[in-house]
Amino acid sequence: MQDNWKRLAQALLDEEDYLNKQTRAFRKTRLATIKMMRNELSIQQIAKLLKLSRQRVYKIIEGGE
């Protein structure tokens with residue numbers, strides 16, 4: 001019975017690792033997209049398109065640089 005719990009616990013840890021990797025990849029993609037958008041759009045337009053606040057857009061940009 002304990003083997004079942006160990007496998008379940010390991011499956012949860014593996015899923016968490018996978019989700020963390022996906023989140024990091026998403027953040028890199030989001031930052032790259034926002035940087036490309038900055039060449040043609042204002043921060044206000046980017047925020048409206050991404051449904052974020054202007055402050056959040058600035059924070060994403062500053063955090064990535």
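Does Trp 5 count as buried or exposed, and what is its relative accessibility? The legends below describe close-up views of a predicted model.

View 1. Trp 5 is found in helix H1. Trp 5 counts as exposed because its relative accessibility is 56%, and the cut-off for exposed is over 50%. Together with Leu 8 and Leu 12, Trp 5 makes a nonpolar surface patch of about 350 Å².

**View 2. The largest nonpolar core.** This core has 9 residues in all: Leu 31, Ile 34, Met 37, Ile 43, Ile 46, Ala 47, Val 57, Ile 60 and Ile 61. At least two of the core residues come from each of helix H1 (2–38), helix H2 (43–50) and helix H3 (54–64). In soluble globular proteins, nonpolar side chains tend to be buried together.

**View 3. The surroundings of Ile 46.** Ile 46 is one of the residues of the largest nonpolar core. When residues up to four places away in sequence are not counted, Ile 46 touches Ile 34, Met 37, Arg 38, Leu 41 and Val 57.

**View 4. Lys 51 in a loop.** The loop between H2 and H3 contains Lys 51. The phi of Lys 51 is near 55 degrees, a positive value in a residue other than glycine. Most residues other than glycine have a negative phi. Lys 51 is exposed, as its relative accessible area is 76%.

**View 5. Lys 35 and Gly 64.** Lys 35 is found in helix H1 and is partly exposed, with a relative accessible area of 33%. Lys 35 and Gly 64 are 29 residues apart in sequence, and their C-alpha atoms are 9.7 Å apart in space.

How values were computed. Residues numbered from 1 in each chain as written. Predicted model: local features only at pLDDT ≥ 70, side-chain atom pairs only at ≥ 80, totals over all residues. Heavy atoms only, no water. Core = buried A, V, L, I, M, F, W, Y, C linked by side-chain atoms within 4.5 Å. Buried < 20%, exposed > 50% of the residue type's maximum accessible area, 1.4 Å probe, protein only. Helix = DSSP H or I, 4+ residues; strand = E, 2+ residues; numbered from the N terminus. Contact = heavy atoms within 4.5 Å. Patch = residues over 30% accessible without salt bridge, like charges linked within 9 Å, V, L, I, M, F, W, Y side chains within 5 Å. Areas by Shrake-Rupley, 256 points an atom, 1.4 Å probe, with all protein chains shown as cover. Salt bridge = Lys/Arg side-chain N within 4 Å of Asp/Glu carboxyl O.
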